[in-house]
Amino acid sequence: METLIILLTGFLVSVAVYLLLSRSLVRVIIGTSLLSHAVHLLLLTMGGLKKGGVPIIGEKTLAYTDALPQALILTAIVINFGVTALFLVLAFRTYQETGTEQLDQLRGMADE
Amino acid sequence: MLTIHLAIIFPLLAALFVPFISKKFANIHIGWFILSVPIILFLTLVQFIPSIAMGETYIYSVPWIPTYGIHFNIMLDGLSLIFGLIITGIGILVVLYSIYYLSREEALTHFYIYLLLFMGGMLGVVFTDHLLVLYAFWEVTSLSSFLLIAFWYHRKMSRLGAQKSLLITVSGGVAMLVGFIMVYIMAGTMSLREIIALVSTEPGPSLADHPLFVPAMLLILLGAFTKSAQFPFHIWLPRAMEAPTPVSAYLHSATMVKAGIYLVARLTPIFGGDGLWFWLVSGVGLITLLWGSFTAVRQTDLKALLAYSTVSQLGLIMSLLGIGSVALYFGQGPQSVLYTQATFAALFHLVNHATFKGALFMVVGIVDLGLGTRDVRRLGGLMAFMPVTFTIALIGSFSMAGLPPFNGFLSKEMFFAAVLEAKALSIFSMETWGILFPVLAWTASIFTFVYSMIIVFRTFLGKYKPERLEHEAREAPVGMLISPLVLATLVVALFFFPNVLSQYLLQPAMETIFPVLATENGLIYTIKAWHGIDATLMMTIGVVLVGTLLYKWRTWQGVYRLFPERFSLDRVFDHSLFLIEKGSSKLTRAYMTGFLRDYYVYIFLFFIVVVGGTYLWKGPLPITLLQDSSVEVYEVSLVLVMVAAALAIPFVQSRITAILLNGVLGFAIAFFFVIFRAPDLALTQLVVEMVTTVLFLLCFYYLPEWKKEPAPTRTKVINLIIAGLAGVLFTLIALSVNSGALFESISPYFEKTGELTGNNNIVNAILADFRAFDTMLEVIVLLIAGIGVYTLIKVRAQQKGEADLEN
């Protein structure tokens, strides 16, 4: 299972990097979103998958799943949400001010 | 007792209050308040003279960064006392002089803050016992010197001069720091006193055999030579003359430039007796002496002339210290005492130079301020108008030229005696090269004589040329004359009573430089003006004769055509700096394209090259797949859905599809969270994904239609390769990390959360209890992002509103 998920994250990273390298600001934003999805999955995998029960004390289980990566991911999800929101509004404002969201056209503008 | 600590801190503290005082007493020249600082310090230090003369040394320690063994140790001994007295004594005179030199319209608060900063830094340099603390104060003096040179920062030359001095002295300072660290590696301590005690014990461990001995010596000398303007680093000093004249008199002739001399004198017990040290210190000193005096003669600007003369005099002191260090080669016997006389002469000349050069700088300042020029070609015949100034100039110049009855005569004679002793040496290949010492010294002294005469006679005698002056010549105000008069009096007094100075200040200092010699043999020196008709006297007479001839008969100055300005070291430095700036700006422009994609390419290429390179170089890490848990069919189908969704994103035609596909990925991950026993994550992911998708859709309503990527195919291929490589590397590393368990997991600790926090949900407990601070900061990040979003939208609305109003 772990190998399968790692292969999936690797693939997600590739697509994310490809999107990051494109000229359109919107694609770049979707790329960052994809990249964080990949990282979340990776973090979870590093703690071992399906190795125990839900990490809530009192559940009838012999062992608990590693809770630490979960806590980290929870933080990451929320932060990622904040960053994406800011990015989006920034892109939206940039488009409003400059009339383009193509990065090569944005280069060298007066208020760069 | 903390007196000396306070002495260092006092000027720095006083600097803090300068702005308040200047505001409170706006109609009084702030210099009058500042004057109290050096006076108090001087009087404090004077109290130490008798006990230091008895051979006492004061050591006080205050821990500064005790974890690293850095203590703010103060060492007050003979050597530091001389410097302390010069710094505070000349400080009094310079501040007094500056009150008349700088009018109230100038930025006086800045000036005096910088000056106090320097005073504190310089006192720190000479009083500290710890090498790192010394370095810190050393840089404080460099910085304050920079600020003072650029005091009239609206002038281009001031800024350039300040830049040059900072570049040269600070790079020397950094080299010195590395040297200090090497000394620490060799000696195991940073305390000067302990290092000197270590090398002075016989038979102690000799540092000279250590492989770092020579590199440390070279680096420290680099620091000393740059600070003390030794050839070829002297070029910053003439450019530093853009500073106001009180600064030139104080920093750039009497004190700061002597920091290098101080360092060499202080470290003589450690490095002295070594052939390389001898040759570098005395050789560089002699070259500086000759080149400085030779170049000084061609100057037409009086201040530049004085600057080169300072360079040359610093070289003289440096060479004397070099010759004196030979004493340590001969061990601690009586025959060594002979050579210590050179060091003694160096200290004596150090004091003398501070007096006569200080007076001369002040004279030039008076002329410059009064007449609006300091170009010797426009000056002349001022004696009748400025008799007092003339007298001071005469005393200063004649002392510098080495004529009696002024103190310069005494130290010049001692200098000649020292080079003659050096010639007779039969070590360090001096048998062959020794003759150069007296020859160079004598030649340089002739030039010194010539430029000293230029200062007096071209300025004050000859024809008065009122049509070439901006103001009419008249004597300076009394207040301005006090300081140079005091110094001129000292010049004469030191000639008649040199042994007072010698007994109370110079001999204790000698005992610091040669501690063992002093205890075993006793270092007693008497300075005599007349010691019969001997070689040194003949040399002085020769200097006067040839010097007069050269001054009268100027055609020899055609020699200077062999050294055109264009090829001077100064220009070479400027030009190479210009080329470096141009080159680096070109280089930066070449890769800082302002295009986001390029920066991403750098980042990912760096990742690929460094991580992938390490992978190839070290060989692949082991990968095992044995610990894997089972895979179910529905899981595989979920993975396939995600792959398909991700793969489709770059290719879809409409942006709505892209957003939805991104949503598909997010929800699929939420599914995985459920499968992987993470209910909290699944919940959060669902909520966040929902809101994100809505946000995307909202924004996309305003954003343009998704265009086909307009990039050429070649770029796309490159992007694809980079993306592929990044993904592959990522996978490989993740697989290898997953295969190994380097250490025990810390997670079982959190399973006790029930007892520890009363919270049965482990993930919640980690977030809200164990890492509560982290979570709080995370909330703040969200808040900031929220404010950012709000402002971005709101600002636009306001602008729109304003625009509507205007219409």
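A: Start with a term: a cavity is a set of grid points where a 1.4 Å probe fits but cannot get out. The model read here is predicted.

Q: How many cavities of 30 Å³ or more are there?
A: The count comes to two.

Q: How much space lies in the second largest cavity?
A: The second largest cavity holds about 80 Å³.

Q: Which residues line the second largest cavity?
A: In chain A, the lining has Ser33, His37, His40, Ile77, Asn80, Phe81 and Thr84. In chain B, the lining has Gln685, Val688, Glu689 and Thr692.

Q: How many of these lining residues are nonpolar, polar or charged?
A: The lining has seven polar residues, three nonpolar and one charged.

Q: Now helix packing. What describes two packed helices?
A: The angle between their axes and the distance between the axes. Take helix H17 (residues 387-401) and helix H21 (residues 478-496), both of chain B. They pack at an angle of about 40°, and their axes are 10 Å apart. That angle makes H17(B) oblique to H21(B).

Q: Is the crossing of H17(B) and H21(B) left-handed or right-handed?
A: Left-handed.

Q: Which residues meet where H17(B) and H21(B) touch?
A: H17(B) brings B:Val388, B:Thr389, B:Ile392, B:Ile395 and B:Ser399. H21(B) brings B:Leu481, B:Pro484, B:Leu485, B:Ala488, B:Val491 and B:Val492. The residues of this contact divide into nine nonpolar, two polar and no charged.

Note on methods. Residues numbered from 1 in each chain as written. Chains lettered and ligands numbered in written order. Predicted model: local features only at pLDDT ≥ 70, side-chain atom pairs only at ≥ 80, totals over all residues. Heavy atoms only, no water. 1 Å grid on protein atoms, 1.4 Å probe; cavity = no way out; pocket = protein on both sides within 12 Å on 5 of 7 lines; lining within 4 Å. Points joined across faces, edges and corners; volume = space filled by probe spheres on them. Nonpolar A, V, L, I, M, F, W, Y, C, P; charged D, E, K, R; others polar. Axes fitted to C-alpha atoms, helices over the stretch in contact; angles between N-to-C directions. Helix = DSSP H or I, 4+ residues; strand = E, 2+ residues; numbered from the N terminus. Parallel < 35°, antiparallel > 145°, perpendicular 65-115°, else oblique. Left-handed = near helix turned anticlockwise from the far one by under 90°. Contact = heavy atoms within 4.5 Å.
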